[in-house]
Amino acid sequence: MAAPPDAAPDGAPVDGLHAYLTGCPDPAWSTGPDGLVTAWNPAAERVLGVPAAEALGRRAAALLGAGSPGHPAPGPGSRAVLLTRPDGRSVCGVLTRWDSPPGSPPRHHHVLRVQGGPGPGGADLLGRVSDSVVVTDLAGTVVFTGAGAERLWGPAAQEAVGRHVGVLTGRAPRLATDFAALVDALTAGGTWSSSAVPVVTGAGRELLVDVTASALTGADGAVAGVVLVSRDVTGERELERSLREATRALRERAGRLADAARRDPLTGLAGRSLLQERVAAALTAARSGDRPVSVLRAELEGFRAVNDSYGWVAGDALLTSFTAHLLSLLPPGATAGRWGADEFVAVLPGAGADEAGALAGRLARWSPPAPLPGRGRRRGDRTVGVVVRAVEATAAERSAPFDAGVRGLLHRAERPEVAEPAEPAEPAEVPGGSPAQADGSTAERASSAATSSA
């Protein structure tokens with residue numbers, strides 16, 4: 001943080017500034033408006049490797065290494081820096097600058113809190129960060145690695161310092177090839193980061209790593225180095241992948257369960273709720289496209305007697321046999337469902353009365369797959385057959401709200417409960433050979449002998 005204009009960073013008065021700089025445990029120095037060094041404390045001599053006699057009267061940028069040209073020196077405040085000693089070794093840390101107050105000789109005062117490099121505090125903050133922290137110059141040469149870098153990348157810090165950053169990343173060409181672009185982005189004032197970078201460390205570990213790069217400035221304020229902060233996200237990404245797969249599996253299972261709940265478990269046909277939805281969708285499409293829609297309703301005659309006499313195994317065989325017959329006759333886009341124990345419904349989008357009546361006739365010609373045994377039959381049991389009724393939706397049903405339109409159409413498709421006369425009258429004929437009904441619907445009846453010798 002910038003110090004008040006009349007005090008040093010720790011509150012020392014201006015008249016004691018020389019004593020403050022001299023006794024400061026961190027490297028500290030002062031420069032004039034021309035950038036020439038006017039004061040250089042003993043800590044600066046030890047850490048930065050420049051005796052005071054050589055530093056006084058020279059430019060600090062020339063002593064500590066300049067970054068990329070064209071960047072003006074920053075004003076008061078704190079910033080991360082990368083400084084280069086005369087012996088080529090680098091020092092990184094946080095540099096704080098404040099200016100002398102008005103009325104005093106114009107001076108710029110600097111204190112460096114070392115975070116990486118030789119001297120006291122050289123591994124203070126950066127060395128203790130749990131993530132990998134690697135400091136390089138603009139050529140990619142490592143000047144500092146913290147303990148986190150050793151844990152992540154493998155090679156010891158002393159093996160990496162002075163070598164290219166690629167020694168840490170092992171077989172990670174993405175980091176090596178992107179380094180030039182990284183430097184260009186930082187020197188242009190931008191930022192750089194990359195997520196889930198696949199790497200193979202020098203120790204041979206295959207990892208996914210998040211990498212963030214920040215610029216370090218030199219004594220002249222220009223970009224002089226890079227701080228690479230890396231974090232192993234392999235476990236996190238694996239957990240995310242596992243969670244995604246588990247979520248997808250749960251959704252698929254839930255979809256299958258929901259679909260199964262809407263379908264008849266024996267025949268696999270649609271259940272009541274799904275059938276009603278399909279009828280509603282067909283009515284809506286018919287209304288918007290001015291197309292016909294019809295419904296078939298089939299009932300197996302004598303089914304309950306078979307179930308009672310021979311058991312559910314024989315009854316299930318009849319149901320599955322009729323289901324196969326029904327599905328084999330339906331046109332594309334039709335939906336078949338089981339409406340009750342022995343009742344079936346088929347929705348026929350685009351089919352008019354004639355087409356639905358012809359389909360009803362073919363459907364009514366079904367017979368059980370094999371004769372049923374006579375043993376167990378009761379007096380008065382009907383033979384096994386099927387009655388099919390076909391109705392076309394009216395204009396009122398197509399335009400009615402969901403409940404009214406669907407219920408009205410399905411109700412008309414129900415088999416009328418009429419007592420059978422001893423000698424039924426001969427019905428009138430309609431095209432296709434189907435008996436005509438009072439409401440304009442078509443009904444077909446067929447039966448099959450259900451007895452044989454015991």
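Helices (H or I, at least four residues) and strands (E, at least two) are DSSP runs, numbered from the N terminus. Two strands pair if DSSP finds at least two bridges between them. The model is predicted: local features need pLDDT of at least 70, side-chain atom pairs count only at pLDDT 80 or more, and totals for chains, interfaces and linings use all residues. Residues are numbered from 1 along each chain as its sequence is written, and side-chain values use heavy atoms, with hydrogens and water left out.

**View 1. A hairpin of four residues joins strand 12 to strand 13.** Strand 12 (residues 335–338) and strand 13 (residues 343–349) run antiparallel, joined by four bridges. Threonine 335 has valine 347 of strand 13 as its bridge partner. Thr335 and Gly337 point one way from strand 12, Ala336 and Arg338 the other way; all are buried (under 20% relative accessible area, 1.4 Å probe, protein chains only).

**View 2. Strand 10 pairs with strand 6 and with strand 9.** Strand 10 (residues 223–232) is mostly covered, with seven of its 10 residues buried. Six bridges link strand 10 to strand 6 (residues 132–137) in the antiparallel sense. Nine bridges link strand 10 to strand 9 (residues 206–217), also antiparallel. Valine 227 of strand 10 is the bridge partner of valine 135 and stands opposite serine 214.

**View 3. Helix 12 packs with helix 13.** Helix 12 (residues 312–329) and helix 13 (residues 353–364) meet at an angle of about 150 degrees, their axes 10 Å apart. The two helices are therefore roughly antiparallel (angle over 145 degrees). Phe322, His325, Leu326 and Leu329 of helix 12 contact (heavy atoms within 4.5 Å) Leu359, Arg362 and Leu363 of helix 13.

Notes. Axes are lines fitted to C-alpha atoms, for helices over the stretch in contact, and angles run from 0 to 180 degrees between N-to-C directions. Angles under 35 degrees count as roughly parallel, over 145 as roughly antiparallel, 65 to 115 as roughly perpendicular and the rest as oblique. Buried means under 20% relative accessible area, exposed over 50%, partly exposed in between (1.4 Å probe, protein chains only).
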